[in-house]
Amino acid sequence: MSLDRRGFLAAGGGALVCTLAGQKVREDREADLERLALDVPEPDAVRTGARAAQATVSGPRREYWLVAEPVRWTIVPNKRDEMMDAAVKGRTTFGAYAYVAYSKDFGRPLGKATIPGPTLEAEVGETLVVHFRNRTKVPLTVHPHGVFYTPDMDGAYKGRFSDPGGFVKPGATFTYVWECREGTEGVWPYHDHGPMDPLPVYKGLFGFLNVRKPGAPRPDVEHYIAFHAFLPVATGLKTAYQCINGRSFTGNTPTLTAKVGQRVAQHITVMSDDFHTYHLHGHRWRGPDGRVVDNVTLGPADAYSLEFVEDNPGRWFYHCHVFSHLHEGMSGWYVVDP
Amino acid sequence: MSLDRRGFLAAGGGALVCTLAGQKVREDREADLERLALDVPEPDAVRTGARAAQATVSGPRREYWLVAEPVRWTIVPNKRDEMMDAAVKGRTTFGAYAYVAYSKDFGRPLGKATIPGPTLEAEVGETLVVHFRNRTKVPLTVHPHGVFYTPDMDGAYKGRFSDPGGFVKPGATFTYVWECREGTEGVWPYHDHGPMDPLPVYKGLFGFLNVRKPGAPRPDVEHYIAFHAFLPVATGLKTAYQCINGRSFTGNTPTLTAKVGQRVAQHITVMSDDFHTYHLHGHRWRGPDGRVVDNVTLGPADAYSLEFVEDNPGRWFYHCHVFSHLHEGMSGWYVVDP
Amino acid sequence: MSLDRRGFLAAGGGALVCTLAGQKVREDREADLERLALDVPEPDAVRTGARAAQATVSGPRREYWLVAEPVRWTIVPNKRDEMMDAAVKGRTTFGAYAYVAYSKDFGRPLGKATIPGPTLEAEVGETLVVHFRNRTKVPLTVHPHGVFYTPDMDGAYKGRFSDPGGFVKPGATFTYVWECREGTEGVWPYHDHGPMDPLPVYKGLFGFLNVRKPGAPRPDVEHYIAFHAFLPVATGLKTAYQCINGRSFTGNTPTLTAKVGQRVAQHITVMSDDFHTYHLHGHRWRGPDGRVVDNVTLGPADAYSLEFVEDNPGRWFYHCHVFSHLHEGMSGWYVVDP
């Protein structure tokens with residue numbers, strides 16, 4: 001069920017998001033993360049300054065410097081919904097968090113902050129070494145899907161059982177080592193899974209991992225599509241937005257492109273509390289079970305990849321087919337040149 | 001979450017369905033579609049009377065004359081739920097929309113209006129030519145899934161980028177040309193995707209497309225099952241109904257039939273905002289991934305087909321296994337003769 | 001959307017669960033099952049004492065004596081959430097129902113009541129003979145998924161069409177005969193599907209069936225995981241709990257275990273109104289469609305089995321990746337010894 005401010009208010013404070021430091025956090029009201037963070041107990045392994053176990057780096061390493069930082073973010077920069085040819089009213093800028101890729105040793109940012117964060121690429125047989133620095137004021141982590149990692153490289157807060165990588169304090173740095181073993185190929189999400197979960201995810205802390213098979217032919221074009229929501233609890237805005245890659249409404253969400261004849265891959269994940277269906281107009285593809293489909297169901301943290309050879313020039317929609325999500329912004333253009 | 005009137009009212013007007021012409025449309029209150037339609041801006045291509053690009057008709061053509069028209073519709077004609085052996089109280093008749101098949105050149109209706117509308121059949125290699133006439137008072141379209149179509153045959157409203165087929169005005173006629181190319185075989189939904197979306201879908205404007213492989217053996221029996229909802233926003237009734245093919249509650253929804261020994265195919269789609277699971281009692285089937293299943297998850301606009309040889313005579317339920325949906329009417333009989 | 005007491009109250013009584021004996025039953029308020037049961041009409045076949053049709057027992061029989069009985073149940077026995085290292089406040093004990101396995105002829109219980117109930121095991125070619133006794137004060141049934149059964153062995157209430165097995169009165173006994181024919185292999189849920197549906201399921205009346213292929217190698221470890229909810233309507237408690245096997249919150253839900261080198265199978269089902277995703281940290285597996293996954297979507301009554309060879313010692317989470325469900329208790333430990 002989709003709610004806007006009126007619905008949220010009437011629902012008596014909105015649905016429960018989580019309970020942090022004994023305080024119930026609800027969808028409709030902005031959570032004060034920095035204040036809540038003060039009451040979250042530090043795990044022993046962090047308080048005592050325990051070191052992470054020595055991680056194995058097998059095979060060649062792919063190294064990334066990743067910073068979680070606060071960023072001013074605008075959900076509907078064009079203030080228009082091109083699908084409905086209508087204005088989108090109201091302020092849509094808020095204090096988000098983003099993972100930002102930096103040059104070696106955190107020298108300089110490699111580009112502007114994006115939501116989702118940078119796509120981490122590796123090949124089967126390589127080891128991902130991700131140096132993570134937390135420049136927000138709340139404890140954070142990076143939790144990967146799909147790849148192989150030992151428990152201390154899990155990036156998950158585990159209460160008293162937490163490893164140092166499960167509670168990276170403001171200002172701290174932690175190096176995650178993840179092995180792209182045989183059988184980890186695919187495109188996966190990564191995301192915060194720390195003690196403030198899911199609020200940092202709801203503020204934008206997620207991205208994609210792409211583990212390729214060596215020698216496998218690369219698609220000509222790859223689209224990374226994250227379905228998620230920006231809710232009042234994370235934005236302080238009055239309205240809930242259904243988003244694709246940090247933006248809402250056609251013309252603001254990514255306008256994907258390709259050319260006829262290109263091999264196009266699309267990688268979709270979900271980073272919200274909702275279930276979605278992914279639909280692409282004018283196209284269809286053979287799913288992993290052999291069926292021809294043009295619409296698939298995806299739940300939180302699912303990852304789905306599809307591929308086709310482009311044969312249909314023009315301006316198309318890609319969107320969530322949950323009707324209310326579509327109308328709350330979960331739609332975009334896919335423009336194919338002849 | 002399922003709400004009835006009490007829930008809707010308490011939730012402050014219900015969840016947001018969409019924003020049309022700057023007006024928020026909510027689940028619990030009947031939308032005045034004809035009034036809203038007056039404020040929806042005509043796209044340039046429609047106002048200037050642009051012609052659709054010349055569509056390619058390759059291979060033999062399968063021609064349909066399809067009219068969208070208002071229809072009085074009763075959701076629970078028997079006023080009883082045979083599953084619970086209980087009366088279903090209250091008025092369930094309202095002003096729906098339906099796609100109706102007509103004879104050549106819109107001569108005469110080929111039968112009574114149904115929800116879903118007529119199943120459009122074709123074989124791979126054929127081209128579907130669907131002459132669509134809009135006899136309602138709001139702009140409408142027909143958007144197909146699965147088949148191949150050029151952008152102007154998409155049947156999707158695209159704001160200022162709309163082609164004539166994406167905004168068929170009251171009284172107007174538009175001919176859609178859809179190619180059943182290799183790799184489009186399957187059973188697919190079609191539905192309105194015009195400027196009033198999703199309200200016309202919520203009023204009944206959807207149907208099935210069946211693209212068969214030439215020479216493939218036909219099942220002896222085929223059941224088409226659309227899971228959807230009739231909500232107060234579309235009906236003006238007090239209660240939300242979970243429906244199968246326009247009806248709610250066992251004995252009102254289609255009573256499907258077959259005989260022992262027959263090859264039975266069932267084709268299921270979803271045309272509501274909800275996710276559902278399809279369960280059939282006394283039967284199971286091998287899914288496309290090789291697993292034996294008797295219950296599958298489906299989201300909005302997903303399409304799923306299953307097949308089995310009937311071996312179990314008697315009276316069975318088919319239903320959505322979301323418990324609240326089942327109890328709001330999403331269930332029916334499947335009666336197998338020996 | 002997840003609601004706690006505050007949300008439920010504000011939502012005007014909560015979502016509709018079902019309508020029993022003409023009375024609307026809502027999520028937020030405890031239903032008086034025993035009182036409601038008095039108004040549920042007995043089907044003719046039960047009132048007249050009709051006998052079930054003679055069931056075929058083909059192949060060897062696997063016999064179970066199963067009793068549905070009231071049981072005091074505590075959802076959060078440790079009163080702590082080990083994931084968040086936080087206290088879980090409030091009373092969590094209530095009057096549940098459970099299926100309990102008894103020795104031959106209902107001699108004595110084979111152990112303490114569990115939720116889910118006992119796993120019923122059989123091999124393809126065998127017939128399951130389940131003697132069911134109802135020791136609660138409301139009519140109940142046992143409805144199996146996956147296996148073959150004639151309509152009178154369906155265990156589903158069908159209003160006036162009900163067979164004796166679809167309405168087992170308080171104090172009564174009914175013997176279900178289910179055939180594990182070729183093509184029924186797999187792990188399936190069973191659950192109440194009687195005239196009080198879904199309230200007895202919501203109180204704990206469900207379990208697993210495991211139909212094995214003869215000669216197939218057994219996994220070294222098997223985990224059975226039921227995602228469900230304990231809602232105020234069924235518990236009389238103030239809060240809704242997202243549960244795994246009758247418990248909520250890490251440390252209370254089952255702590256699953258395995259050793260490196262073991263072949264581990266996990267069997268997951270859903271017995272609530274919600275959709276979920278199953279995620280296991282530090283592991284991934286090849287799904288039936290050939291994809292490598294670590295997160296899958298499951299809806300009500302879906303059944304999903306996965307298998308892997310354990311290679312990653314340590315303390316891991318398994319959990320539902322719907323963020324609000326995770327934070328309402330749908331998470332547990334998986335501890336792997338070296």
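This is a predicted model: local features need pLDDT of at least 70, side-chain atom pairs count only at pLDDT 80 or more; totals for chains, interfaces and linings use all residues.

Residues are numbered from 1 along each chain as its sequence is written, chains are lettered from A and ligands numbered from 1 in the order in which they are written, and side-chain values use heavy atoms, with hydrogens and water left out.

First, the interface. Chain A contributes 57 residues to the contact and chain C contributes 44 residues, contact meaning heavy atoms within 4.5 Å. Together the two chains bury about 4,000 Å², 55% of it on carbon and sulfur atoms; buried area is the accessible area (1.4 Å probe) that two parts lose on being put together, summed over both.

Arg160(A) forms a salt bridge with Asp85(C), with the closest N and O atoms 2.8 Å apart.

On the side of chain A that touches chain C, β1(A) gives the most, with five residues. Strands here are DSSP runs of E, at least two residues, and helices are runs of H or I, at least four, numbered from the N terminus.

Now the aromatics. Over all chains, the search finds 45 aromatic pairs. Rings of Phe, Tyr and Trp (its six-membered ring) pair if their centres lie within 6.5 Å; planes under 30 degrees apart count as stacked, over 60 as edge-to-face and the rest as tilted.

Take Phe323(B) and Tyr202(C): the ring centres are 5.6 Å apart and the planes at 75 degrees, so this pair is edge-to-face. Phe323(B) sits in helix α6 of chain B and Tyr202(C) in helix α4 of chain C, so the pair joins two chains. Phe323(B) is buried at a relative accessible area of 1%, and Tyr202(C) is buried at 4%. Buried means under 20% relative accessible area, exposed over 50%, partly exposed in between (1.4 Å probe, protein chains only).

Within chain C, Phe94(C) and Phe230(C) have ring centres 4.9 Å apart and planes at 65 degrees, so they are edge-to-face too. Phe94(C) is in strand β6 and Phe230(C) in strand β13, so the pair ties together parts 136 residues apart in sequence.

How values were computed. A salt bridge is a side-chain nitrogen of Lys or Arg within 4 Å of a carboxyl oxygen of Asp or Glu.
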